[in-house]
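Please keep the sequence and the coordinates at hand while reading.

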Amino acid sequence: VQLQASGGGLVQAGGSLRLSCATSGRAFSSYVMGWFRQAPGKEREFVAYIIWSGASYYATSVKGRFTISRDNAKNAVYLQMNSLKPEDTAVYYCAARAGGPTTAREYYAYWGQGTLVTVSS
């Protein structure tokens with residue numbers, strides 16, 4: 001499974017961005033798809049995941065502001081980010097996992113290259 005994240009950029013606080021993750025490989029719909037982020041000097045942290053049915057789960061820090069979605073026909077997953085804050089600045093990674101949903105990054109076998117999101121105050 002190969003993943004390609006895109007959509008990052010520079011945005012002012014309070015603004016919005018939509019990240020996309022295109023995937024290749026078989027059985028996309030069976031994978032748990034996740035978004036993680038890594039700020040400078042910090043560990044990579046969980047943001048959100050979505051399972052095949054569309055059920056999702058969010059980190060407390062983004063709940064109510066971010067929305068994860070997937071299009072199984074297009075083998076793609078998205079992260080709509082609204083009301084962005086400077087503390088959301090990070091490189092955002094999409095990841096895929098065959099198996100049950102989890103927030104633990106070590107259980108995701110496949111990773112995209114990351115896309116940088118910078119939120120200015």
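## Placement of Thr102

In which loop is the place of Thr102? Thr102 sits in the loop between strand 9 (90-97) and strand 10 (110-111), where strands are DSSP runs of E with at least two residues, numbered from the N terminus. This is a predicted model, in which local features need pLDDT of at least 70 and side-chain atom pairs count only at pLDDT 80 or more, while totals for chains, interfaces and linings use all residues. Residues are numbered from 1 along each chain as its sequence is written, and side-chain values use heavy atoms, with hydrogens and water left out.

Thr102 has a relative accessible area of 16% and is therefore buried (buried means under 20% relative accessible area, exposed over 50%, and partly exposed in between, with a 1.4 Å probe and protein chains only). Not counting residues up to four places away in sequence, Thr102 touches Phe46, Tyr49, Arg97, Tyr107 and Tyr108, a contact being heavy atoms within 4.5 Å. A polar atom of the Thr102 side chain also lies 3.1 Å from the backbone nitrogen of Ala104.

Strand 7 and strand 8 (residues 76-81) run antiparallel and are joined by six bridges. Within this pairing, Ser69 has Tyr78 of strand 8 as its bridge partner, and Arg70 has Val77. The two strands form a hairpin with four residues between them, and Asn75 in the turn has a positive phi of about 55 degrees. Strand 7 shows a covered face made of Phe66, Ile68 and Arg70, and an uncovered one made of Thr67, Ser69 and Asp71.

## The disulfide

With a disulfide taken as a pair of cysteine sulfur atoms within 2.5 Å, the count comes to one. Cys21 is joined to Cys94, with an S to S distance of 2.1 Å, and the pair links distant parts of the chain, since Cys21 lies in strand 3 (residues 17-24) and Cys94 in strand 9, 73 residues apart. The torsion about the S-S bond of Cys21 and Cys94 is about 65 degrees, so the disulfide is right-handed.

Cys21 counts as buried at 1% relative accessibility, and Cys94 is buried with a relative accessible area of 0%.

Definitions and conventions: A polar contact is a pair of N or O atoms within 3.5 Å; within protein, one must be able to donate a hydrogen and the other to accept it, and residues adjacent in sequence count only if both atoms are side-chain atoms. Two strands pair if DSSP finds at least two bridges between them.
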